[in-house]
Amino acid sequence: MTSLKRSLASDPSAANISSKVFVRSTRSGKVQKIVRELYLRDDIPCSSQLCTSCLAKAPRDAGGVLVPFVLSAQPAGTRAYPQGHYLVPDTNALLNALDLFEQTSAFYDVIILQTVLEELRNRSLPLYNRLVGLTKSEEKRFYVFFNDFRLETSVVRDVGESINDRNDRAVRRAVKWYSSHLARAVKAAGGRSKKIPAVVMLSDDKENLRKAKEDGIEACSLKDYVNGLENADQLLDMISVAKEGRELRDAKAAENLYREYYSVSKMMTGVRNGTLHQGIFNVSPYNYLEGSVHVPTFDKSLLILGRENINRAVQGDVVVVEVLPKDQWKEPSTKIIEDETMNKNENADAEEGEAVVTEKERRALQEEVKRVHSKSTEGRPQPTARVVGIAKRNWRQYVGHIDESSVSQSVKQSRKQQTVFLIPMDKRIPKIRVRTRQAGEIIGKRVLVTIDSWDRDSRYPVGHFVRSLGELETKGAETEALLLEYDVQYRPFPKAVLDCLPKEGHDWIVPPSKEDPGWRDRRDLRHLEICSIDPVGCQDIDDALHARPLPNGNYEVGVHIADVSHFVKPNNAMDTEASIRGTTVYLVDKRIDMLPMLLGTDLCSLKPYVERYAFSAIWEITPDADIVKSEFTKSVIKSREAFSYEQAQIRVDDPSQQDDLTKAMRTLMMLSKKFKQKRMDAGALSLSSPEVRIETESETSDPIDVKTKKHLDTMSLVEEFMLLANTSVAAKIYEAFPQTAMLRRHGAPPKTNFEELANQLKVKRGLELRVSSSKELADSLDACVDPKEPFFNTLIRILATRCMMSAEYFCSGTQAYPEFRHYGLASEIYTHFTSPIRRYADLVAHRQLAAAIDYEPLDASVRSKGKLEAVCKNINVRHRNAQQAGRASIEYYVGQALKGRVVDEHGFVMKVFSNGFVVLVPRFGIESLIRLRDLADPEPESAFDAEHYVLRTRGSRELSVELFQKVLVRISDVKEEGTGKRKVRFELVSAGEA
Amino acid sequence: MAPPSTQQVLLSPAELSYIHTSLSLTPPIRPDARTSTQFRTLTAETNILPGTNGSARICFADGTEAIVGIKAEVEKSRTTYQAGEDLNFADDDDEDEETRQEEKEAEERRGSNEWVELTVEIPGFRDDDSMPVFLAAMLSEALLADGEFTSRLWINRRYHWKLYLDILLLSQPLSYPLPLLSLTTHLALLSTRLPRLKSELDEDPLFDDDWDASVFLYPREWQKSYTRPPITLLVMAVNDNIIFDPSKEELAVAEAVLAVSIGERSSANAEDGGMEVDSDRNARDLRLLAVRTIDPPSRLTHPGVPNSMNTATGGTAAATIEQASSQREVTEAEGVWQPPRGGAKRKLIAAMIQKVLEPGGVAEEVLDGLDTVELG
C-alpha cells in the first residue's frame, strides 16, 4: 500500500501560501476548526523613513496615496545605542509596562508586530485598546508591522512547538529582518554603517533574550533598557511588579490567603444553570468589608461580607458568586468599618504573618454575628454570597495618595526601592501595594497608580506607580484627580476635530442672502421677540423662548434650540469626539466641553443681538395650557436679550415694565404654572437633592462662600417649556422612527428600594409612604411634613431620591412601549432635545427630528439600532460620571471654603449605625459621619435600638440620637496626620431639641 | 441480503463461463493475474481536507477513488431518565461518594448510536437509492458493532460530540465499492482529531483553541497495537475457491459474496483473555464484527444456451420459457454459463471467514498495509 505524501514544492506559488489552524468556540457552544490561508506578500513596508526600496514598493490606495512612513530617519539614541534605535517590544514587555510606552520622555520609534498585537488582544483587551490608541497618535511614531503577512518574516509553527515559542520566534525573526533590511537600505542610500539604527527587541522573558543572543539580535530586558534612560527611577516604577513578585513568592511559597477562583467553564456552567450568579460587585460606602452584587435572578442584591468572601473582588468587577448556606445569612451591618481605622499600623513591606482577617477585624465581625443572633427572632437575615470567580476585571487607573505611615523614615530620602501603600480616593477601593523608588518625593502628592494583579497569597492588590498629579489640595492636582477618577476626557481637542470647524471661525455669520444653501427650508423668525433665560454667566446658551398672542385668543409659544447639528455633521472627527465625551462636564471652576469652544460659546450659542441658526418647536396653546397644534422647523432667529434667572424674575415682577418682551415672559410664566400643575396632577415627582453654589472670588476663583441655591419661578418657567419641547420631540421622532428613536426613560423603582425608608418613616413619624405609583408616591411625599421643621420634607425627598433608579437613554427598538415611561416626570415618552451644545443625546435627537420633518435624510449612524445602542450605553455612563464629578468638585470646594473656619450649623441625622451616625448639613449640602469615639474620650458606651433607630450613649457622654433628629454640629476641617488629607469634620454640639 | 451493485454486467455468457472456469481452477487464475488473496494496489493519503477534523483519500489502481471527510460538532445530550437526577457538581470530598461517582460515570460513558451520522454519496445515484443507503448501513453497522465507538464521543454527562462522516465515491462504481469506502473511512477515522477538552466534569465544555493540542479520536501509542476502527472486506467464492478484493468481472461470476467486518482490540485487552496464542510474533487480536452476504450480480446474468437447445447447432429449442429453464436445470454442459442458484454452503462461509481472520490472513495483511499510511 502506498502512502501518498504531497510535497508543496511542486506548487510554484507554495512559498506565498501559508495557513493558520485553530479551534474557535462560538458563543452558542459550537466548536469549529478554522483554517485560514495566509497569502504572503513582499510589499508590506518597513515604514522607516530611511528606506527607499519599501517606499517604491509599498501599496497605495485607490487614489494613489501612500500611507506616510512613520519611523523617524534619525531615531533617538541611548548610551547603549548611540547610533539611534528602533524598539520592538514583545508581548510581555507590553503587558508589564504599557505605561512606560505612553511616556513622552522616551519610547519613540516603536515597531509593534502583528504577532504581538494579536497576542496582547487575547491577553488583555484594555491594554490592547490603549496600545491601538498609541499607534494612532502621530507624535509617538508607533508602527504596526504585519510581520505574519510578509514573506520574509512569516513563521510557521514547528511540530511540537508551543504557541508562545512560535510567537517569540516570530518576534526574533522580524527583528532580524528589520536590522538586515535597514542595513541594506542605508547602504543603498550611500550612508555610512554608523548611521544604521539598531533594532532592539525588548522582552522580559529570559529564554527569549537568551535565544536572541544566540541569533545575534540586539535584545534587552525592559529593566536594563530603562536603566539606560535619563529619568530611570521614575520610569522603573512603572514596570508592573506582577512578575517580580511571582519570582519572589516562588522562593517563599507563601500560604494562600484566599480561595482559588473556579475555572471559567465551571463558572459559565454554573451561571447558565442557575447555581452561580453573575453581577457587578459594589462595595458599601460605609463599610469596606461589605459588598453587594445585584444579580438578575433576585430582586434584592446579595450581600457579600468579609474579606474572604469578597475574595479579591474590586469595586466594579463583574464577579460570579455563590449563595452561602442559610445559616450564614446576615443582616447588612449597622456598623461603620473603615479600612484606615482598622489597619492603621500595617507595614506594606511585611508579608509574613499576614492573615486575611486581622484580629481587630475578626472581633468586629464577631460582634456583628452576636448582634444578629441575639435578635434572630425578628431579625430578617439576608442571603449572603461568596465570590467564586471574576468574569471581568474592571480595573482602571486609580487616584490616591501614599499612606505616609507605610513609608519607613530611613529610606525616605534614599533611592532604594520600597513598598508603600496607596490609599485610593475612592473609599471602596482597597489599599494598593506599590513598589517605588521615589517614596520620598511622592509623599503628600496626588498620584495615579494602576493595579497589576491580586494573587491569592497577598492581602492587598499589587500595583505600580504611573505619575504624580501634583501636591495634595492644589487646585490643579485635585481637579485632574477628579477628572481621572470619573473618566472624563479632558485633553484638548485634537487637530482633526478642530479641522471640522467652519473656516470663518468667529467671523461666521448667518448668510445674508436667502439664496444661500444654509437657508434652504429654514424659516425666518428674526422678527419674533425672542429671549433666553439662563444662570448667571452662562456662555453656552442652548435655548431661547418666545410667546405672542394670536388673534383667536390662543398663544403662540416657541422654543428655539441651538442648531448644533448644522455644524456637527455625522461621522466626522468632531462628531466622534463628541459622542465619546457624551456630555459637557461642569466643575466649580472649570467646564470640560463636549464641543470646541468656537461652537459651544459662539456659533451655536443663541447669543443676544445676533442672528443664529436654530431648531424651533412652535405650539399654539390655549389660555388653559392645552396644546392645539405643534410644529417643528429649522429657523433663523435673533435673540433680543439674554437674561439671568434673577434679572428675568425682577423684570416679570416689576409692574412698571410693560414692553413686549416682559409681557411675553409673563404669558410664558402663566402657561408654565398651568403646565406644572397638570404634570403634578398626573403624578410627576418633585424630588430633591441638596444643592449648593460656590461663590468664588472673581479673579482667583478661590472659593469664598457656599450658598444654597434659591429657587425662582423663572427657573421652572424654562424647565416647563423644555419638558414640553422634549416630550413633543420624543413623540415626533418615535412616530417617525419607531425602531431607532433616541429616547430617555426612567424606570419605576422596585418596591423593595423604598422598604427601609417607609419603615423608618412609620416608626419615627407614623407617616406612611405609598409607592405603588408615582402619583401615590408624590402625594405621600407631600404629606411628609413636620410643622416644626420645614426642611423635614426636603430631607425625605432627598432620601427618596436615593431610592430611585437612574434615568437612562435608550434606543426605542430595545424596549416595549410601556417601558418608555419616565417615572419622575410622569410622562409616557421623553427624550433630551434642548441642550445639544452640552449633551450628545440631544444632538442625535436633533438629527432624527430633522429627518422626521424631511429637512435632511437620516444618516446611517442614527438609523442603526446597534450603533445607537452603543452610543446610549456610552452616554449613560458619561452622564453619570459627569454628575458625580460635578458633585465631587462641589464637595471639594465646600471643604476648601470651610478651610480654617469653625462653623456651628444645624444638621439632620440621616442614618444611624451602632457606632455612629450620618449627619446632613443642608446649608453646605454636605454629609459626614460622626463616630461614637468622636463624641468623647474615652468612647462612651452605647446601646443601639435598631428597631427604633435610636442610639443611646452612656458614660463619658450621655445623649440619644435618633433618625431624622435635628442636631447642632460644629463643622471644622482637619488635616489627618498620616494621610495628609483634608477632611471636613463634624462634631456634635448638642443633640438639638430632643 | 444486501442488493448487488446494479451496474449492468456487459459480458456475454461465453465470457462469463470462461472467467468462471478459470476462477474455479486450483489455484484460480484471475483476469488480472492476481493471486486469490492479493489486493489491487492502492494509494492512500490522509488529512487532505484542511477544514475537517479528519479526512482520507484512497485510490485503487483500477481508477476507483473515494474521499471521506469527518466533521465533529458539540451537541447537548438528551438526559435519560436516570441521568437527569443530579447534575450539580458540588465538591464532594467524601471518598465513597467519589468512587461511586466514578462507577456511575463509567456506566454513563456509554454513547448512543445517534451520535454518528454516516452518509454515502455515489455519482449517478440518488441519495435514497438502495445502493448508497445499504452501503451506509453496512459501514455504520460495522462501526457501531463493538458498542465502544460512541463512548469515544462522550464529553460529559451533558454533552457529546456528534460525528458526521461524509463518504464520497469520486469515480464510477466500477467494482462493488464497499471495501474501498471502508478502508477510506478507516483511515479518515484514524486521522480524526478532536479539540482538547479543558473543562472538567459536567461543566459546559470548553476547548483548547490550539489545534496542535487536539487529541486523536483513536489515540495511538508508539509501536503498540491499539484499538482501531473496523474494516470491511469483500470476499467471494467460486466453487471452493475463496477470492479477495474481487473486481467487477469476477463479481459477475461469483457464487457467494460476503462483506466481512473485522475490528482489532488493543493488545492490553487481548492479554485479559489469557490466550497464549502466538504471543511471540505480536499477533493482532482480531474480532469478527459483522458478516453480510451480498447478492452477487451473477444471478442476474443471462444463461448460456447449450448446443442441445440451440437450433443453429442442431438442437431443439424449448417451446416455452418454463421448459427452457427446467431443461437447463439438468444439463451440465462444460463451457456453458449457468447463473448460480441457491445459497452458499455453510462450510464455505465458515472457510471464507476463517481465511479472513486466521493469523497471517488477509485482514492482518490489510491492517499492516494501512499502518504504513502516514497520518499527518
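This is a predicted model: local features need pLDDT of at least 70, side-chain atom pairs count only at pLDDT 80 or more; totals for chains, interfaces and linings use all residues.
**Entry 1: chain A overall**

I began with the make-up of chain A. I found 28 helices and 38 strands in chain A. Of its 994 residues, 38% count as buried. I then looked up how its contacts span the sequence. Among contacts in chain A between residues at least 6 apart, 68% join residues at least 24 apart.

**Entry 2: the cores**

Next I looked up the nonpolar cores. The largest one has 228 residues. Val88(A), Val200(A), Val321(A) and Val919(A) have the most contacts inside this core. Helix α27 of chain A, residues 865-897, gives the largest share of the core, 11 residues. I also noted a second, separate core of 77 residues, which includes Leu143(B), Leu163(B), Leu187(B) and Ala259(B). As background, I wrote down that nonpolar side chains tend to be buried together in soluble globular proteins.

I went to strand β4 of chain A, residues 85-89, and found five of its five residues buried. Which residues lie on each side of β4(A)? His85(A), Leu87(A) and Pro89(A) are on one side, and Tyr86(A) and Val88(A) are on the other. Both faces of β4(A) are covered.

I then checked its pairing. β4(A) runs parallel to strand β7 of chain A, residues 198-202, and five bridges join the two. The bridge partner of Pro89(A) in β7(A) is Leu202(A).

What does Val200(A) touch, leaving out residues up to four places away in sequence? I listed Tyr81(A), His85(A), Leu87(A), Val88(A), Glu218(A), Ala219(A) and Cys220(A).

I looked up helix α2 of chain A, residues 91-101, where 11 of the 11 residues are buried. Among them are Asn92(A), Asn96(A) and Asp99(A), along with Leu94(A), Leu98(A) and Phe101(A).

Helix α26 of chain A covers residues 840-852 and has 13 residues. I compared its span with expectation: it reaches 18 Å from its first C-alpha to its last, close to the 18 Å expected at 1.5 Å a residue. How many residues of α26(A) are buried? I counted 11 of the 13, so α26(A) is largely enclosed by the rest of the structure. The buried residues include Asp842(A), His846(A), Arg847(A) and Gln848(A). Just after α26(A), I noted that Asp854(A) takes a positive phi of about 60°.

I turned to chain B and its strand β10, residues 256-265. Nine of the 10 residues of β10(B) are buried.

**Entry 3: where the chains touch**

Last, I looked up the contact between the chains. It takes 28 residues from chain B and 26 residues from chain A. On the chain B side, β1 (42-46), β3 (65-76) and α9 (362-371) each supply at least two residues. The largest share of that side, four residues, comes from β1(B). Sorted by class, the side of chain B that touches chain A has 10 nonpolar, eight polar and 10 charged residues.

Conventions. Residues are numbered from 1 along each chain as its sequence is written. Chains are lettered from A and ligands numbered from 1 in the order in which they are written. A nonpolar core is a set of buried Ala, Val, Leu, Ile, Met, Phe, Trp, Tyr and Cys residues joined through C-beta atoms within 7 Å. A residue is buried if 20 or more other C-beta atoms lie within 10 Å of its own, exposed if 12 or fewer, and partly exposed in between; C-beta atoms are placed from the backbone. Two residues are in contact if their C-beta atoms, placed from the backbone, lie within 7 Å. Ala, Val, Leu, Ile, Met, Phe, Trp, Tyr, Cys and Pro count as nonpolar, Asp, Glu, Lys and Arg as charged, and the others, Gly among them, as polar. The expected span of a helix is 1.5 Å times one less than its number of residues. Two strands pair if DSSP finds at least two bridges between them.
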